[in-house]
Amino acid sequence: CFQKMAVEREHVLVSALFKKLSLYGSEEEYDKALEVCDIILKKIPDDLDTKRTKITCLINLGKFRDALSLIETLTRSCGDKVQLELVLWKGYCLYRLGQYRECTQFLQQMEGARASIGINELLAQAYYRLEEYERSSLLYQSILKECNDDYVEERRANWLACNALQAQLTGKGDLPSSPSPETYEQCFNMSLVATSLGCLEESLEYLRQSEELCRQTMEEEGCEEEEIVEELNIVIIQRGFVYTMKKEHEKALEILQTSARGQHNDPTQVAIVSNNILVLNGGKDIFDSKKRAKLLSNEKNVQKLTRQQKQVILYNQCLFALFMGQTAVAKDMVAGLQKYEDTWGYTTMATVAMAIKQGQISKAVNLLCSYIKGFKQVPLLLHLTLAQLYQTHLKDPSQAVKTLCEISGLLEHLGLVAYTAALHMQEGHVQEACQLWKGAEVYWSGQKRSKQIIFLSSAATFLLHYGKPQESVQYLEQLCNLDPGNSSLLFRLVSAYSKFDPTKAEEVSLRLPQPAEVTTLDVKTLEQMPAHRRTTKSSATTVEKKKEVAQEKEREKKKKKHKKKPRLPKNCNPSISPDPERWLPLKERSYYKRGKRKTQSQMLRGTQGSSAGPGLGRLDATLPPVEEKAKEKGSTTTAPSKGKGQTKKKNRKKGKGW
């Protein structure tokens, strides 16, 4: 009886725990639900439903390693019959732990699981993280054809992102024509595709639509302005990049600086903005560039970037360090680049830049030659760098031409065709230059009409410049057929024919538009008219206009003048007018009186202290009274008294100066 009661009580407790578990699950309180799962598993260790619930709680709490270990124990107990739910959970845990390669290998082994849309979607996302964009795009495309649920728009946005990055790597592809993008994520990814294909105006239009849709959607959801600005920051960054591609560097730098001034939480956006500003600054704003380089050196900012983006950032940091003369820092950046596979040639280019900075041109040439021979798909930048070294430093244009001719897509680049043909002309290889243009004609004839016109016009201009009018006539004839209404092309054709075939030039000139006939013109009046003389208009209206302009200038000058208070000297009385002769020298002034000089007799002689005031003589009893002596001489002035020194002079012997 007691055992029966204990069993019933235990059953009641377990049922109460299951009720708690369902309640916590509905309220998404996964931490509390996890505790309840542990309690239930202590009582019922083999309960599969509780274990599945625990896996769900661990995944929602971000404890993917614990969830993965529990999934593996469950798969062992299941044997060969592994449930689809466990496969999806294990693949998702591997994906969230960053083990993308292990995730794809595990999902590919499960043959029956490949029919599930969820597993295919997870596999497509893993391929995206592995930068295998073509595989990811194909999987998303098949999912979009099979499935039509509430997540269609998100899948389409991911598919467009795969197409954008694939076009960025290859430079080939087409803009998806239908259906038109409906969300701001889709518009943004369409802008990325357009930018990768060189359709810059279309890219700006998609960015404008993305910004409008983003603001409208988030306002409807009740988001605050700060959240909207944070979400729109990536659109601003992409707009700055598009203007950089359009060679509008000042506008691009202004846009990126406004983005950098805001405090954004996404470290990836901070890294992208800093890298682009560092490139656009060049050698102008060194202090700002140092600040951007310091932000790029933070590993947290570049953690979520792709391999190509990380290599580009390290390459730009290396170039900036070389520009600043920091060779040790540049070596560290090269060491960081060597960790990656040199698919895009950034490691080689950084090493070449260091060699050129140190004056080791031959080492740089050898590095480029070895890379070009070792890789099938060589980036265009390496070929151009090697050709420039041959042309400018080693003065070997023949090797430069040979390097350019090794470029696989040479004929697709009109500028490269013209540059290579110009080098052929410098070497005197006229036939090779003409053959190069003919080979390019085969490629460009299959392009659009507007591109054909650009190519034919460039070829004709080039050949005329280098004195080959007969070859240029062929391209001008094709131009006239493509654009018959353009009379300027006929003028160019007549000019070309006139240099080697005047009769043909005359025939072509008949195709030129004739001027309208003038019936009211008399020949005699034309002959009697005086010769044309250049005269200047001196009408009253022009004079009045000049006066008005001069008056306006005077008014502007008066407006610009700021009246300052006069600074008067000290002890100056402003009520009294100043002396009008104050600027003249003192001797030239009218009231100046020159002082009289003292005569020889009035000058005092004797030793120091011998001449004194008139009262001193009265004190000397040996001298006669001054008044009496003055009466005797009849003089009104008092003579200076003679001291002891003067009396001694009289006792001196004669013949010694007296």
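Here are a few exercises on the predicted model above, each with a worked solution.

Some ground rules: residues are numbered from 1 along each chain as its sequence is written, and side-chain values use heavy atoms, with hydrogens and water left out. Since this is a predicted model, local features need pLDDT of at least 70 and side-chain atom pairs count only at pLDDT 80 or more, while totals for chains, interfaces and linings use all residues.

**Exercise 1. How many helices and strands are there in the protein chain?**

Step 1: take the DSSP runs, numbered from the N terminus, with helices being H or I of at least four residues and strands E of at least two. That gives 32 helices and 0 strands in the protein chain.

Step 2: check burial, where buried means under 20% relative accessible area, exposed over 50% and partly exposed in between (1.4 Å probe, protein chains only). Of the 658 residues, 32% count as buried.

**Exercise 2. At what angle do the axes of helix 20 and helix 21 cross?**

Step 1: two packed helices are described by the angle between their axes and the distance between the axes. Axes here are lines fitted to C-alpha atoms, for helices over the stretch in contact, and angles run from 0 to 180 degrees between N-to-C directions.

Step 2: helix 20 (residues 380-393) and helix 21 (residues 397-405) have axes that come within 7 Å and cross at roughly 170 degrees. Helix 20 and helix 21 are therefore roughly antiparallel (under 35 degrees is roughly parallel, over 145 roughly antiparallel, 65 to 115 roughly perpendicular, the rest oblique).

Step 3: look for contacts, meaning heavy atoms within 4.5 Å. On the helix 20 side you find His383, Leu384, Leu386, Ala387, Tyr390 and Gln391, and they meet Pro397, Gln399, Ala400, Thr403 and Leu404 of helix 21. Sorted by type, the residues of this contact are 7 nonpolar, 4 polar and no charged (nonpolar: Ala, Val, Leu, Ile, Met, Phe, Trp, Tyr, Cys and Pro; charged: Asp, Glu, Lys and Arg; polar: the others, Gly among them).

Step 4: inspect the loop between helix 20 and helix 21, where Lys395 sits. Lys395 isn't a glycine, yet has a positive phi of about 55 degrees, and Lys395 is exposed at a relative accessible area of 64%.

**Exercise 3. Which residues of helix 23 are buried?**

Step 1: helix 23 (residues 430-444) has 15 residues and reaches 21 Å from first C-alpha to last, close to the 21 Å expected at 1.5 Å a residue (the expected span is 1.5 Å times one less than the number of residues).

Step 2: the buried ones are Ala433, Cys434, Leu436, Trp437, Ala440 and Trp444. They cover an arc of only 155 degrees around the axis, which puts them on the same side of helix 23; the arc is that of the directions from the helix axis to the C-beta atoms.

Step 3: Cover for the buried residues includes helix 22 (414-427), helix 24 (449-465) and helix 25 (469-482).

**Exercise 4. Is Tyr497 buried or exposed?**

Step 1: find Tyr497 in helix 26 (residues 487-497). With 9% relative accessibility, Tyr497 counts as buried.

Step 2: leave out residues up to four places away in sequence, and Tyr497 touches Val473, Glu477, Pro502, Lys504, Ala505 and Val508.

Step 3: compare Tyr497 with Pro469: they're 28 residues apart in sequence and 7.2 Å apart in space, C-alpha to C-alpha.
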